[in-house]
Amino acid sequence: MAASWHLIPRSTVARFVLLAFVFQIAIIGGSLLFVRQASEGALAEEQRQSVYDLRDELLDAYRDGGQLGLTRLISSRLQSPRHSIAVILLATADGTPLIGNLGDWPTTVPPRTDWREIELYRTGSDRPERMGISTAPLPDGTRLLMGHVSEANIRLARINEEVIGAALIGGLCLILMSALLLGRVLSRQIKRITSTTTAFVDGALAERVPIRGSGDAFDDLGRAINVMLDRIEKLISELRVLTDGLAHDLKSPVTRLKSVLERAVLETRDPDALAALDRVACEADTLLSMLTTALLISRAEGGIGRDHFVATDIGALLDDLAEIYGPVAEDRGFAIETRVEIAARVFIHRELISRAIGNLIDNALNYAVGGTRILIHASAFPGGLTIAVSDDGPGIPPERRADALRRFGRLDPARNIGGSGLGLALVEATAGLHHGDLALEDNAPGLRVVLRLNVSLAQGD
């Protein structure tokens with residue numbers, strides 16, 4: 001699970017979901033910010049217009065009835081419950097109050113002010129109140145201040161902010177849910193494709209990506225992949241026919257050649273001729289072995305053989321190989337040991353794995369000069385199996401290991417040791433057939449050849 005979380009920042013789907021999430025946040029956040037600013041602007045403009053209307057009404061009363069008419073209107077407005085937030089003050093030229101609900105003319109406010117927001121104390125109030133005001137000088141030298149307390153607007157703006165905040169939080173939750181749902185839909189579509197290709201690689205050559213008929217990009221991708229899989233299946237089928245034909249057409253002449261040689265040996269009495277026939281027979285055996293191995297490599301690299309995977313007791317398999325090679329190893333001064341650290345049956349191609357391990361044992365017997373011990377070690381790792389064959393011979397220098405893995409590569413062709421140079425190539429192809437890999441490591445001293453196989457494990461009986 002830790003590895004999965006570690007890979008999330010590199011996931012294309014995760015990046016797409018994050019991009020969609022951020023994009024939707026930007027849209028929702030921008031929309032809510034616009035609503036907030038627009039509503040606050042509308043409230044401020046409404047308040048300013050109310051003050052301007054009050055100012056016009058008071059100035060009209062002054063023009064019609066002079067100071068007396070203005071005083072009557074001010075008194076009426078201050079006593080009306082509908083104008084409880086009104087702020088009015090008529091003062092002399094030096095700021096002495098004549099009538100209104102402010103105790104003094106604000107010292108920081110000039111006689112003529114179009115609009116200003118300020119905190120002032122109204123008569124009878126024990127705390128300052130935020131208000132918007134406008135002032136105007138009158139022809140008789142008096143001053144007129146009128147305004148509206150904006151506390152109600154402030155409360156409304158605060159409620160507006162709370163509502164917008166709640167909408168933003170709810171919107172974020174919905175955005176996150178929609179982004180995750182989008183990511184889930186994308187992942188499901190992609191997994192349909194990956195599950196098909198995985199099954200195809202595992203040998204189910206008839207598997208194809210389901211086409212839903214929506215006509216979207218995923219359907220186009222599925223059709224393109226299905227065309228590719230059709231082509232690959234055809235090539236694999238042709239490869240199978242070709243390899244089977246080669247196995248029949250090329251092995252048969254070599255087998256007939258060996259039969260002719262065996263009859264010739266029985267009918268020949270000349271020692272020199274017998275020696276020559278023996279050499280020819282050995283070369284025929286080598287040719288037949290090379291042909292068989294090359295065909296096995298080609299089939300394994302073509303993915304042919306996964307339908308032959310069977311549940312295998314790896315411990316019993318290694319014990320059988322140790323018993324088979326034990327007498328030969330003993331004659332050459334080696335002891336073969338097995339160490340199995342897995343109590344499970346594994347699904348493998350038993351024949352190819354046996355042949356691969358046999359090749360590694362042969363290599364150790366032939367090239368681990370001066371060694372005395374060969375260890376076959378099997379252990380499990382999450383999702384697979386590791387098989388290592390180690391010896392205590394001279395090993396292979398790191399700079400020569402790539403040459404050892406090359407087909408027909410022989411590190412010391414001058415040595416009189418039979419072989420085709422295909423042994424490690426077959427081991428590597430076998431590992432690839434099991435979705436694994438092959439590595440040559442230092443055993444200090446000696447060589448350690450490690451096969452990592454990604455195979456299914458089943459608990460033993």
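Two residues are said to be in contact, or to touch, when they have heavy atoms within 4.5 Å of each other. The structure in your viewer is a predicted model, in which local features need pLDDT of at least 70 and side-chain atom pairs count only at pLDDT 80 or more, while totals for chains, interfaces and linings use all residues. Residues are numbered from 1 along each chain as its sequence is written, and side-chain values use heavy atoms, with hydrogens and water left out.

**The whole chain**

Begin with the protein coloured by secondary structure, where 9 helices and 13 strands can be found; these are DSSP runs (H or I of at least four residues for helices, E of at least two for strands), numbered from the N terminus. Of the 461 residues, 36% are buried, where buried means under 20% relative accessible area, exposed over 50%, and partly exposed in between, with a 1.4 Å probe and protein chains only.

**L385 and the largest core**

Select L385 next and show what surrounds it: leaving aside neighbours within four places in sequence, L385 is in contact with I314, I342, V346, A378, S379, A380, L451, R452, L453 and V455. L385 is also one of the residues that touch the most other members of the largest nonpolar core, which has 39 residues, and I314, I336, I357, I376, I387 and L453 share that description. A nonpolar core is here a set of buried Ala, Val, Leu, Ile, Met, Phe, Trp, Tyr and Cys residues joined through side-chain atoms within 4.5 Å. Among the elements that give two or more residues to this core are α6, α7, α9 (423-433) and β10 (384-391). A second, separate core has 16 residues, including Y52, Y62, L144 and M146.

**Helices α6 and α7**

Now select residues 314-331 (α6) together with residues 350-367 (α7), whose axes come within 11 Å and cross at roughly 35°; axes are lines fitted to C-alpha atoms, for helices over the stretch in contact, and angles run from 0 to 180 degrees between N-to-C directions. The residues that make this contact include L317, L321 and V328 of α6 and I353, I357 and I361 of α7.

**Helices α7 and α9**

Among the residues that make the contact are L352, A356 and L360 of α7 and L424, V427 and L433 of α9.

How many of the 11 residues of α9 are buried? The number is 8, so α9 is largely enclosed by the rest of the structure. The buried residues are L424, A425, L426, V427, A429, T430, A431 and L433. E428 also lies in α9, but at 36% relative accessibility E428 counts as partly exposed. Not counting residues up to four places away in sequence, E428 touches L405 and L438, and the C-alpha atoms of E428 and L451, 23 residues apart along the chain, are separated by 8.1 Å. Just after α9, look at H435, which takes a positive phi of about 55°.

**H148 in strand β5**

For the last stop, select residues 143-149, which form strand β5, and pick out H148 within that strand. Is H148 buried or exposed? H148 counts as buried, because its relative accessibility is 14%. Not counting residues up to four places away in sequence, H148 touches Q47, S50, V51, L54, I85, A86, V87, M131 and G132.
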